[in-house]
Amino acid sequence: MLRNIIASVLLWGLTVSAVWSEGRVAFVVGNSAYENVGALDNPINDALDISVALEGLGFDVILGSNQGFEAMSDAISRFSQAALTADAVLFYYAGHGFQVNGENYLVPVDAVIAQASDVATATIPLSDVMNAMEQSKGLKLVFLDACRDNPFAGGAAVPEAGSGLARVGSSADFMIGYATQPDNVAYDGTGRNSFFSEAMLNHLYTPGQSISELMIAVRRDVLAATGGRQIPWDNSSLTRQFRFDNSPVTASEETLLWQVAASESDANLMQLYAERYPQGAHVDDVNAFIQSGAQTRTLTDRDDVAEAARLWSLARRSRMRPLLEYYLEQYPTGADAEQVARLLALIPEADDTTPGGICERLATHPRDATANQSGVSFEQLQRNAFSAIQACSAAAVRSPELPHYTALLARATAASGEMDRAVQLYQSAAERGDLRAMVSLAQLTESGNGLPQDQTQALALYERAAEGGSADAMINLAITLFEGVLLPADPDRGVALLRRAAEGGSAKAVFNLGVLAQSDQIDTPADALDYFRRAARDGEVEGYRAAAILLDEGRGIDRDPEAAADLLLRGLAEDRGALLQQLTTASDEWSRDTISAVQSRLLEAGYYTSTIDGLPGPNFTSALTRWRNGGFNADVLKS
């Protein structure tokens, strides 16, 4: 029973958080109100928001806001004592920082540095904090959002001060995460939080996510949000794994929002989904509900306690203000109402959105999706081109150091039909290092749209963007190298590019590596299974079906109908409906063992009431539909 996993190779194609068993201690500092050097807008917000998130993840937090030298030194001493017996120790710093001769210094708000000798008495060496942490036998996590415009770089007071922070060596069991590459400058952000802190906040509560996976997700979001101008970086000597949220892996935020909206049968939540995920897998279901005021299936005998817990879990993970407001409206005495209100106070009203935020919401390219922005199609952008141009123009003026807004303005301008002006804007953004602008210019040059057709120039642009870290450029180059038409065929380099894009968090690249592995072109069938699972988890939902096929058939690996069933049910909840149709109209393409395992899980969830026989039928169809439309339950899945 061989089936094609994909038509052609290389196409562009719930639970409450676990009880924390280990002791967790964090020291979080946010310095904004500098008295003698340039003030910063966001560090104090970053520190407060991160501290609240960490408290919810079981950390005892020492929070320092706008700390002077004495206060910071005292807090380090208290942190050192608390860290001694902890199993996980974390330091998070947001504010000014600089390096001198490879040594990093954190700047208290009362620092006065008139000459080089003042550095030793007015600032805090990062090594002081790390030495305090080193006394602990636990895992040590250091996050440094401290590379914002160095007020001392190249100045007369500290001529040796360099840009950004220096790479730090460490002993075993340290992981050091930088907001940007060593020796580079990070941005303070255009909203409430810095780009780095915002990405951290949006991924800390991802269930079952390892620390390395967290950093990949953060890096991907910051790279997309800044057009490649800021790329978070980490250095790890961890000897064991760490997860902020130890809960079992569940569905994506998009799928969970649909599940909550469908279960609640609420028009406002449906509208929130449509606005947040305009190209989402469930947008047709949502639009049908909005237009008719009803949905095909609803759940009965609701458990309000469980529903409230699921809503809070999603709201805390996604940080969507409307979900928090909805919780307090529907469950004002709910178990988590106090925590909901506390988080709600930290998240700005929608009316407070900056021009940059509006620009990103209206004009972000779908391939640059982040936890905050899902991206919009060109057709949708065309309908909002005028508003997008206004917002992006204001954002570009307001943040001239970020060519990303110029690139978004270029896309909005192209959507309005002014291609000559759009090309000029793309060129301006590309010259200043924006990766999306480079890729867009390459595509326009490749097709001859608004520019003379020039395949050589297009490839040069792809090469430049790939070198800067663009996964799209890497994948396009890989396809070209596999095809061997515009460039001599070089499959080895093509695979290397796919691997690099995969390491950067591209689910499309991971999936394509799985296609190559399952066809014996690289690696092994076992590797193909890992690739497909990873791609599915990161958003390439076709990976669920591809992995399930390998397990169902035992294609190069041991058969495992139970694991195949789990993947099918995850994919059923996340895709656009293809698996629902296949399992109900073409279930004979799957073994009866796998279908029986699916039925068993639906029975445990309370949706299937017929015989476990591996055969389709009306009750099976009803149970699958119920699972997809509000009934997803990760607790019944075995893997």
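How many disulfides does the structure hold? The exercises below begin with this point.

**Exercise 1. Locate and describe the disulfide.**

The model is predicted, so some limits apply: local features need pLDDT of at least 70 and side-chain atom pairs count only at pLDDT 80 or more, while totals for chains, interfaces and linings use all residues. Residues are numbered from 1 along each chain as its sequence is written, and side-chain values use heavy atoms, with hydrogens and water left out.

Step 1. The structure holds 1 disulfide, where the term stands for a pair of cysteine sulfur atoms within 2.5 Å.

Step 2. The cysteines concerned are C359 and C392, with an S to S distance of 2.1 Å.

Step 3. The torsion about the S-S bond of C359 and C392 is about 95°, and therefore the disulfide is right-handed.

Step 4. The pair links distant parts of the chain, 33 residues apart, with C359 in helix 13 (residues 355–363) and C392 in helix 15 (residues 385–398); helices (H or I, at least four residues) and strands (E, at least two) are DSSP runs, numbered from the N terminus.

Step 5. C359 counts as buried because its relative accessibility is 0%, and C392 is likewise buried, with a relative accessible area of 0%; buried means under 20% relative accessible area, exposed over 50%, and partly exposed in between (1.4 Å probe, protein chains only).

**Exercise 2. Work out the layout of the open sheet and the helices that pack on it.**

Step 1. The open sheet has 6 strands in the order 2-1-3-7-9-10, with mixed pairing, and two strands pair if DSSP finds at least two bridges between them.

Step 2. Strand 2 (59–65) and strand 10 (233–236) each have a single partner strand, so one side of each is left without a neighbour in the sheet.

Step 3. Strand 3 (residues 88–94) and strand 7 (residues 139–145) run parallel and are joined by 7 bridges; L90 has L141 in strand 7 as its bridge partner.

Step 4. Helix 2 (residues 69–83) packs on the sheet, touching strand 1 (24–30), strand 2 and strand 3, and its direction makes about 165° with that of strand 1. Contact means heavy atoms within 4.5 Å, and axes are lines fitted to C-alpha atoms, for helices over the stretch in contact, with angles running from 0 to 180 degrees between N-to-C directions.

Step 5. Helix 5 (residues 195–203) also packs on the sheet, touching strand 3, strand 7 and strand 9 (174–178), and its direction makes about 140° with that of strand 7.
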